[in-house]
Amino acid sequence: MKIFSGIQPTNQLHIGNYLGAVKQWVQLQENHECIYCIVDLHALTIPYDPKNLQEKIKETVIALIAAGLDPEKCIIFTQSHVKEHAELGWLLNTICPIGELERMTQYKDKSKKFKENINAGLLDYPVLMAGDVLLYKGQAVPVGKDQEQHVELMRTLARKFNQKFGKTFEEPKSLILQEGAKIMSLVDPKKKMSKSDDPKSCIFLFDTAEAITKKIMAATTDSGKDIKFNLTKKPGISNLLMIYSLLTGKTTQELEKEFAGKNYGEFKKSLAQVVVNYLEPFRKKQTEFAARDVYVQEILKQGAARAQKIAETTMREVKQKMGLI
Ligand code: TYM
């Protein structure tokens with residue numbers, strides 16, 4: 001299968017990004033043709049500082065390789081280095097009904113969150129995403145639950161393009177995990193864990209042991225005192241149980257048994273230890289790669305060159321079909 005997925009270089013990676021998306025990326029690279037993209041063009045749609053964008057991109061690549069991506073097994077590159085992304089995005093704009101974009105949940109959420117900056121890019125964001133995947137004729141898109149609607153639009157646009165100009169694209173499907181596709185905020189377990197929220201609500205992949213422990217011990221839990229998995233009645237403890245389960249391979253039922261009669265404090269202490277131990281090797285690798293600037297830049301350079309070749313071939317076909325050449 002041809003796999004494509006992307007991540008914004010907006011902040012540090014958190015365990016939601018990891019458990020919902022990146023963990024899948026690492027597994028898929030073993031047996032599939034995988035392309036993973038740091039989507040800097042998407043990141044421009046919310047307020048950002050141009051002075052540190054390059055640094056954030058570098059941090060994101062390092063995080064991805066520390067989490068297990070292997071540049072020998074997949075392509076890792078920066079979106080803006082392959083100009084065809086913007087080009088195909090524009091062409092797809094011309095077949096995308098505006099109503100499809102206005103009903104996107106992420107657009108509605110972000111327009112509320114960034115009231116001062118409701119730019120056209122924010123609305124157009126999913127079309128650029130569709131371009132990202134279709135440029136490589138991607139067949140499957142490993143993402144968290146929040147991106148499902150966007151992948152649905154990719155399918156719509158692929159279908160429309162094929163109808164209008166002749167069969168060119170397959171309709172990409174989303175790969176969304178049964179468990180882990182929506183890790184919730186530690187502060188408000190009714191909201192997803194999000195990079196752009198309060199740092200207390202996220203466990204970042206490279207948080208120190210102290211920071212992880214502090215955040216988990218302070219995580220919002222529910223009334224009552226039983227360690228029970230119940231998403232509607234006990235969203236806080238259920239989210240923590242889910243994280244525990246995903247990091248240890250134990251089911252939530254097994255954990256309920258293990259912690260029967262114990263209180264929230266004891267459970268949280270144990271979870272903090274699990275998270276700290278799981279992330280320890282990530283932290284080590286991050287320190288190692290942070291010191292290898294040339295290597296990191298080389299990954300991006302080679303990744304862009306490989307991506308560019310595929311992108312050019314698709315664009316030639318698309319332009320021919322659309323009557324541009
Ligand atoms: P981004 O950068 O917000 O997130 C990267 C990936 O992490 C997943 N994710 C989560 N999964 C579980 N629980 C959470 N709390 C959580 N938060 C984030 C996201 O679903 C995503 O898979 N628009 C995309 C980037 C993108 C892209 C693409 C993805 C651009 N072009 C083409 C796929 C294909 C985004 O903003 O992801």
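The side chain of Thr208 reaches the backbone nitrogen of Ala211 at 3.1 Å, a polar contact in the sense of N or O atoms within 3.5 Å, where, within protein, one must be able to donate a hydrogen and the other to accept it, and residues adjacent in sequence count only if both atoms are side-chain atoms. This is a predicted model, in which local features need pLDDT of at least 70 and side-chain atom pairs count only at pLDDT 80 or more, while totals for chains, interfaces and linings use all residues. Residues are numbered from 1 along each chain as its sequence is written, and side-chain values use heavy atoms, with hydrogens and water left out.

Thr208 lies in the loop between β5 and α9; helices (H or I, at least four residues) and strands (E, at least two) are DSSP runs, numbered from the N terminus. With a relative accessible area of 41%, Thr208 is partly exposed; buried means under 20%, exposed over 50%, and partly exposed in between (1.4 Å probe, protein chains only). Its C-alpha atom is separated by 8.0 Å from that of Val276, 68 residues apart along the chain.

Asp197 also has its place in the loop between β5 (173–175) and α9 (209–218). Asp197 counts as buried, at 19% relative accessibility. Leaving aside neighbours within four places in sequence, Asp197 is in contact (heavy atoms within 4.5 Å) with Lys113, Lys191 and Lys192.

Beyond its neighbours within four places in sequence, Leu205 is in contact with Leu13, His14, Ile15, Tyr18, Ala67, Leu279 and Phe282.

Helix α10 (residues 235–248) is largely enclosed by the rest of the structure, because 13 of its 14 residues are buried. Gly249, whose phi is positive, near 85°, follows α10.

At the ligand, a polar backbone atom of Gln8 is 2.9 Å from an oxygen atom. A ligand nitrogen atom lies 3.1 Å from a backbone N or O atom of Gly16.
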